[in-house]
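Please keep the sequence and the structure in view while reading.

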Amino acid sequence: MPSPKLFAQDGNEYREFTQVEYEQHAADLIEYERQNAIALEKAAARKTLLDRLGITSDEAALLLG
Amino acid sequence: MAIQTFTAAQILTAAQMNALQANDYNQTVSTKTANYVLVAADKGTRVVMNSASATTITVNTSLFSAGDSLRLQNINTGAVVVTAGTATVTSAGSLSIPQWGGGQLFFTSASAAVYFPDAVNVSSGLAYISGTTFSAASTVSLPTNTFSATYTNYKIIYTVTAASTDGTAINVRLRASGTDSSAASYSNAGVTYQIGAATIGAANLNGGTAWQFTQFNSADRNKVILEIMSPQVAADTNFFWDTYGRVAGSQGGGHGNGEFRAATQFDSLTLFPSAGTITGSYQVYGYAIA
């Protein structure tokens, strides 16, 4: 399936992305997904730890004061 | 010619008639170079102040009647203040007349006058530069040369009424000659908050390829306010951000600041969501240097 076209509002002009912008967008998406993966990993590790300790996140925040 | 009082059987000369008529079409002028106290003969005439030092025009009682009026003008650099002597003087505007300013002094009684200053364009501290709407845009760039030598600092207000993807990060890249800079020189820090939650989070980024903070909310209206400091100066560019939209799955926003650590000069910037498109509008303002 071909990638959908992307558009930029460049000043008062609404135009399709240039090749350079498509490439930057692809790089940004990879970075965005990498950051999301890290955030999900952190959230899962946190949940595992809370489950092991048998406390809620609010109780954990209380402990850290 | 000051107003005349004619009596019964007096002969009105052609010269008097011409002089009185002339005042209607080419008002009688008396130029003052120092503080001046209005006299009855000023009625219907134009008093022009011409002093490089500050001066006053004093208004006293019992010289004019209800309905009388005269023009006041200032043609020199010294400010002129219309001053209540024994009469009262009120105005919706300033009683100080700047150079090339003026107005009408209108008497409502023998002891009260109203000064009506002529409208002038007052220079504002915040000047509108540009703005537009955008729809289903993956990136939104300000026009080339939005940042110029005319202003040093800028305020940009975005209203995003629709985001196609919920919870995607808000990103900003500085731009020069139509090209975004993705140099790894962007850093920002700040606090984030969620409506109805006590937890305060952080939006920290060091050495990224764009400023990044909080997220777009697809279910609600978003606000992004940026203050961009010295983007046109060959030095680090600083910025301050204020947002309202989405934070970690909830309604919320944040405040913070950051920098682009390189002496690059920019003339524009680009706002974009990490994924999807945004619809809305923006306005850019420049802070007057003086």
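Read from the N terminus, the elements of chain A follow the order β-β-α-α. The model is a predicted one. Of the 65 residues in chain A, buried residues make up 9%.

The helix α1 of chain A, residues 19-53, deserves attention next. This helix has 35 residues and reaches 51 Å from its first C-alpha to its last, close to the 51 Å expected at 1.5 Å a residue. A residue counts as buried here if 20 or more other C-beta atoms lie within 10 Å of its own. Just after α1(A) comes A:Gly54, which takes a positive phi of about 75 degrees.

Strands of a sheet pair through backbone hydrogen bonds, either parallel or antiparallel. Strand β1 of chain A, residues 7-10, pairs with β12(B) in the parallel sense over three bridges. Within this pairing, A:Ala8 stands opposite B:Thr139 of β12(B).

The contact between the chains can also be described as a whole. In chain B, 15 residues are in contact with 15 residues of chain A. On the side of chain B that touches chain A, the elements that give two or more residues are β11 (126-137) and β12 (139-141) of chain B. The largest share of that side, four residues, comes from β11(B). Sorted by class, the side of chain B that touches chain A has seven nonpolar, eight polar and no charged residues.

Chain B itself contains an open sheet. Six strands form this sheet in the order β1-β3-β5-β9-β10-β7 (chain B), and their pairing is mixed. Which strands are the edge strands? They are β1 (29-32) and β7 (88-90) of chain B, each of which pairs on one side only. From one strand to the next, the twist averages 25 degrees. Inside the sheet, strand β9 (residues 102-109) of chain B and strand β10 (residues 112-117) of chain B pair in the antiparallel sense over six bridges. One of the bridges joins B:Ser109 to its partner B:Ala112 in β10(B).

The last topic is the interior. In soluble globular proteins, nonpolar side chains tend to be buried together. The largest nonpolar core has 38 residues, of which B:Val140, B:Tyr154, B:Ile156, B:Leu226 and B:Val284 touch the most other members. Several strands of chain B each supply at least two residues of this core, including β11, β14 (169-176), β20 (222-229) and β24 (278-287). The strand β13(B) gives the most to this core, with five residues. Leaving aside residues up to four places away in sequence, B:Val284 touches B:Ile129, B:Ser130, B:Gly131, B:Leu142, B:Thr146, B:Tyr154 and B:Ile156. A second, separate core has 18 residues, among them B:Tyr36, B:Phe64, B:Leu72 and B:Val82.

Methods:
Residues are numbered from 1 along each chain as its sequence is written. Chains are lettered from A and ligands numbered from 1 in the order in which they are written. This is a predicted model: local features need pLDDT of at least 70, side-chain atom pairs count only at pLDDT 80 or more; totals for chains, interfaces and linings use all residues. Two residues are in contact if their C-beta atoms, placed from the backbone, lie within 7 Å. Ala, Val, Leu, Ile, Met, Phe, Trp, Tyr, Cys and Pro count as nonpolar, Asp, Glu, Lys and Arg as charged, and the others, Gly among them, as polar. Two strands pair if DSSP finds at least two bridges between them. A residue is buried if 20 or more other C-beta atoms lie within 10 Å of its own, exposed if 12 or fewer, and partly exposed in between; C-beta atoms are placed from the backbone. Axes are lines fitted to C-alpha atoms, for helices over the stretch in contact, and angles run from 0 to 180 degrees between N-to-C directions. The expected span of a helix is 1.5 Å times one less than its number of residues. A nonpolar core is a set of buried Ala, Val, Leu, Ile, Met, Phe, Trp, Tyr and Cys residues joined through C-beta atoms within 7 Å.
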